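Here's a quick tour of the charged side-chain pairs in this one. Have the sequence and the 3D view open while you read.

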Amino acid sequence: MRVLTALLEARTGQQLASYRSWRLDTALKPLLKARDLPSLDDLVTLVLDGSDPSVGDQVVDALVNGESSFFRDSAVFDLLLDAVTAVEAQGRRPRIWCAGCATGQEPLSLAMLFAERAGGGTMPEIVATDVSETALARARSGRFTQFEVQRGLPIRRLMAWFDGDGSGEWVAKPELVRNIQFRRANLVAEPAPAGRFDLVLCRNVLLYLAPTIKQTVFARLAGALRPDGLLALGAGETVIGQTRLFEPSRAARGLYAKAAAEATLAA
């Protein structure tokens, strides 16, 4: 099945380790059924044939790791709230980029967090990108299963920001979704969204990338940040020993700042 894993890596930079090969069967089973294909071998044949380019897109959409949940690693959101407040104190509207937003739980969590602030305040500009158009379509719809909303959403927030649709699913209120600009972007192969950001969240994306591709991504993230901007990574990720472009932030423990030389150059 090397053809399928190579396709994933070429399109997204994500590597499917051999011990996670079980994902091929699990993730691609719906695609096999939809295409009426008996086996993965038949899917490989269709990919190699090249007569239907959409099949490659569907394979990548199925295999890309879109794991997400609301308010994931909740302590991080306290740090982000403090960082946004510090930017607002400078008289600017903060800009936030959620890179690898999957089905939208992270940017929606941010929108809830800032909408609930005591005393109100302006909603930061939130740009959320992902390589999967299928995931983005779900994010834009704001539609989630009962299982998905139970992961990280207390009942108070669920009732305040979501409506039940009568079928067991929940739909985010339009005024919440409107606070987010969802865009398709390939973090590995395409430029960052235009402009500079005060905060970039790229959580649990780097885990699956090859070392050389990580360097490309770190450079892209550094280029997207303002000189005093901050980067949030996943709980199992770090910049230490991975890149010289970032260093642990002294002002916001748990987040990362541009390395001194990089920040000076950007300024």
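Asp 73 comes out as partly exposed, at 33% relative accessibility. In this predicted model, its salt-bridge partner is Arg 203, with N to O at 3.9 Å. Asp 73 sits in the loop between α4 (54–63) and α5 (75–88), while Arg 203 is in the loop between β7 (197–202) and α11 (211–224), so the contact ties together parts 130 residues apart in sequence. Arg 203 itself is buried, its relative accessible area being 8%.

Next up is Asp 198 with Arg 92, where the closest N and O atoms are 2.8 Å apart. Here strand β7 supplies Asp 198 and the loop between α5 and β1 (95–99) supplies Arg 92, so to speak a link across 106 residues. Asp 198 is buried at 5% relative accessibility, whereas Arg 92 is partly exposed at 23%.

Which residues join Arg 92 and Asp 198 in a network of salt bridges? Arg 226 and Asp 228 do.

Then there's Arg 95 with Glu 125, a salt bridge at 3.0 Å, N to O. Arg 95 belongs to strand β1 and Glu 125 to strand β2 (residues 125–130), so this pair connects parts 30 residues apart in sequence. Arg 95 counts as buried at 16% relative accessibility, and Glu 125 is buried too, at 17%.

| Salt bridge | N to O distance |
|---|---|
| Asp 73 and Arg 203 | 3.9 Å |
| Asp 198 and Arg 92 | 2.8 Å |
| Arg 95 and Glu 125 | 3.0 Å |

Overall, the structure holds 15 salt bridges.

Methods: Residues are numbered from 1 along each chain as its sequence is written. This is a predicted model: local features need pLDDT of at least 70, side-chain atom pairs count only at pLDDT 80 or more; totals for chains, interfaces and linings use all residues. Side-chain values use heavy atoms; hydrogens and water are left out. A salt bridge is a side-chain nitrogen of Lys or Arg within 4 Å of a carboxyl oxygen of Asp or Glu. Helices (H or I, at least four residues) and strands (E, at least two) are DSSP runs, numbered from the N terminus. Buried means under 20% relative accessible area, exposed over 50%, partly exposed in between (1.4 Å probe, protein chains only).
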